[in-house]
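Work through the exercises below with the structure open. Try each task before reading its solution.

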Amino acid sequence: MTVRLRIDGHEVEVAEGTSLWDAAREADIEIPVLCHDPALEPVGVCRMCAVEVEGERVLAASCVREASDGMVVHTSTDKIERCRDVLTDLLVSEQPSRSRRQDTTGDDALLAFATTRSPGVEALPRCSTGRGDDGSSPVITVDHQACILCDRCIRACDEVQHNDVIGRTGKGYTTRIAFDLDQPMGESSCVSCGECVAACPTGALTDKGLSTPPRPVSELSSVDSVCPYCGVGCAIRYHADPDRNEVVFAEGRPGSGNEGRLCVKGRYGFDYATHPQRLTRPLIRVDYPKRALSPEVASSRRRGGRRHVVDYDQVLPAFREASWDEALDLVAERLGAIREEHGSGALAGFGSAKCSNEEAYLFQKLVRAVFGTNNVDHCTRLCHASSVAALLQMIGSGAVTTTFGDIENSDFALITGTNTTANHPVAATFFKQAAARGAKLLVVDPVRNPIADHAWRFCQIRPGTDVAFYNGMMNVILEEDLVDRDYVARFTRDYDAVAKTVASYTPRVVAGITGIDEATLREVAVAYGRARAAITFWGMGMSQHVHGTDNCRCIISLCLMTGNVGRPGTGLHPLRGQNNVQGASDAGLIPMSYPDYQPVVSEPARLHFEEAWGRPLDRETGLTTVEITEAARDGHVKGMYILGENPFLSDPNTNLVREALSNLDFLTVQDIFLTETAEFADVILPATSALEKTGTFTNTDRRVQLGRPVLDPPGEARLDWQIICEIATRMGYPMEYGDASEIFDELVAHSKSYRGLAHEKLGETGRIYPCPDPETSLGTIVMFGDGFPTEDGRARFVPAEHRGADELPDGDYPLILITGRVLEHWHTGQMTRRARALDAIEPEAFVSVHPDDATPLGIRDGDWVDLGSRRGQITLKARVERATQPGSVFVPFHFREAGANTLTTDHLDPDGKIPEFKFCAVHLAPAADPSGLSP
């Protein structure tokens, strides 16, 4: 239905329900606003957008008044302009003498509007209401005096980020915005996403600035790029000072998957790139025999405190500076000698999901064509390797079947094994938004994370019981006859095998295993089975188990059984952890596949790449991350090239990693900082950060986006792809490319998934592969609506049985350790712990302990405690809270001074070869020796 009306003499036809403000905009008529933002629900509190409707006595706020048939509207009359003049003068009269926003970013909307109406407005007398300032947040300044109570910050917090932190307090002139129950912002539940700052039209909420005070955009260089942190891959715009070679501030870009939203890392975590510890010249080791150089790396007993990063004074004396030629010649000579003496299998490489697609492609090409081995892997082995194994086995593709934004078309969402508000905070805003509009969110996790507050139902299963829980859901779906039998018949095979397996997982049996009562299990299973469109998201809480592949098989079977694949609002989405885990795997940075998941054991694939690369290639599947580490410890792998990875902190069982790195004959590390892993290096090569290079990154949605350089590399640091080419050339395999786009073109030539893509075709929003027509199309959102990329076009059901973890609690180690991440930090903390704001918000390690476990031990919130396993011990502070269940504890793994992986086991999932990060047995006690630890 449409309505026709006249606005300022223009005939306008708009959809029924359109506001007058939007109707005017469609006619290119601008109506001023202060409280309104098209991204937010209109409230009409500022009245600046008032218009005159013929036949009505009072002015109408155009942002909230709906257009109706036959209306005659005037947007600028004497009456309207007098009203706007009075409103403007009143608002300006209560403003502080100087606007923090105008003095910094130069975009105070109130001041700009007032100046156009009265050029001398800044000289008007001011009337202070004494509302005061709040500087308690590390990143945001609150100036209550500058607040015009437009509520844009409240709505941005509630409607965009869905954090519900900001409200109002007080009466009359004392009315002001408030955080939680009128707490200082820095002490509230604010997550420092900065959405309120982005929405504020005055100087009431402004960024504090990091190393460089904010300045107007007109004085800065603006570059569109991609956030370097999690797999959401937010489109971001950096504003930099080229003279100081520093980023001044960042903001989200509209139009891409994040729709302009950012989290605290994306908005305030960029200054790591200019940290004084950046490596600027190649380093060659002079201190032998090789050993760990700092106490945190040398010992299996790790004591917390505030030793955030490697102390260069302890480490650098073991190295000397060198020229690039000397360093590269030494790397090529030593790796080549190992290859010649011990064979190609004695070499291995760890690439990185922090690097671009181009760098990942070249690195795996180097290892395969020059080293002569498939011993190449990266952090996907620690992330979603089991998810990919199950997806490839069952549906023929390891990528997500739909985007996270497709939840807008869902009426049910299963979110399992993911602390998504911390790990993928911007994606989480879309999940919370779906819940707010009425979609049912079923959250399943052994830890109660903030996303559970938005859930229709939260099932806090016991750690390691995922298979039993999902088999139980399928049991109920079969019992209630909710199987989509038409879909199963048309698009799947081996259904009977799963039906037979889940028959024994009755609600009573599952309740005894998982701790979820029978009625709740039945309720959630029936709701899932009856959903019109159910979408499934999962994280590393599902994949990082010795039964991780079985976990994923179960939820894939659940989706197939109910026909929840291949339609809008349905699908399978393992949320990728790092910014380019998807792309690095696509590019072949895994030991079992060439680019585009072409198996290395496939003769046609091998012959194709032998012809393309001009070298004979290894016929056997290579070693995975932990297998390479074990082989290095045992002396089988003797030389390694590690690019952008820090396995000393990221890999399980730190004692094993220490032994392995110490035992290598030769190790070269290429990174932007001197990492814990680099303490064992023979040569260290200074690399470039994401803010200093051109390259593509593929996010969790399959969206390929172009990252652009914002800063110049420090000192003599070089582009990573150029370093790889130099090493290959010195080892007798010339690699020559003009720029990163040429490398991408070569990758595309070997990848059906990326077919048609090129740097110049990615645009500002990227392209979602497969994208048959990148010139005109964004790409394919929902995949597999008409079958699967398998030999017979059908998905395969694979049954799984519940089995326990390899290491169970006992009398000596009675608790279960679960590891994970926190919002402010990322991976091993090399970047985030050098980002001033992020480190200030979450500065030290902690263990989350349930009161039922803490109280009998005499442990109080904030006490120092010892946490130990069969492999080591760490000392850190306790947070006594109810997020974990009795009998389990949680520790984030970012903190070198209390590295969680000192405790974890290196037992592997037999299919995905992923370690058991989410389950090992530990003991907890008050710290035996708290001396020297911070209060």
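**Exercise 1. A helix contact**

Find which residues of helix 18 meet which residues of helix 19. Then sort the contact by class and describe how the helices cross.

Solution. This is a predicted model.

Step 1: list the contact. From helix 18 come Pro 507, Arg 508, Val 510 and Ala 511. They meet Glu 518, Leu 521 and Arg 522 in helix 19.

Step 2: sort by class. The contact of helix 18 with helix 19 has four nonpolar residues and three charged ones. No polar residue takes part in this contact.

Step 3: Two packed helices are described by the angle between their axes and the distance between the axes.

Step 4: apply them. Helix 18 spans residues 507-514 and helix 19 spans residues 518-530. They pack at an angle of about 110°, and their axes lie 9 Å apart. Angles of 65 to 115 degrees count as roughly perpendicular. Therefore helix 18 is roughly perpendicular to helix 19.

Step 5: Helix 18 and helix 19 make a right-handed crossing.

**Exercise 2. Strand 31 and its partners**

State whether the residues of strand 31 are buried or exposed. Then find which strands pair with strand 31.

Solution. 

Step 1: check burial. Strand 31 covers residues 703-707, and five of its five residues are buried. Buried means under 20% relative accessible area.

Step 2: Arg 703, Gln 705 and Gly 707 lie on one side. Val 704 and Leu 706 lie on the other. Both faces are covered.

Step 3: take one partner. Strand 30 (residues 695-698) pairs with strand 31 in the antiparallel sense, over four bridges. Gly 695 has Gly 707 as its bridge partner in strand 31.

Step 4: look at the link. The hairpin of strand 30 and strand 31 has four residues between the strands. In this hairpin, Arg 702 takes a positive phi near 75°.

Step 5: take another partner. Strand 32 (residues 767-768) and strand 31 are antiparallel, with two bridges. Val 704 is bridged to Arg 767 in strand 32.

How values were computed: Residues numbered from 1 in each chain as written. Predicted model: local features only at pLDDT ≥ 70, side-chain atom pairs only at ≥ 80, totals over all residues. Heavy atoms only, no water. Buried < 20%, exposed > 50% of the residue type's maximum accessible area, 1.4 Å probe, protein only. Pairing = 2+ DSSP bridges. Axes fitted to C-alpha atoms, helices over the stretch in contact; angles between N-to-C directions. Parallel < 35°, antiparallel > 145°, perpendicular 65-115°, else oblique. Left-handed = near helix turned anticlockwise from the far one by under 90°. Contact = heavy atoms within 4.5 Å. Nonpolar A, V, L, I, M, F, W, Y, C, P; charged D, E, K, R; others polar.
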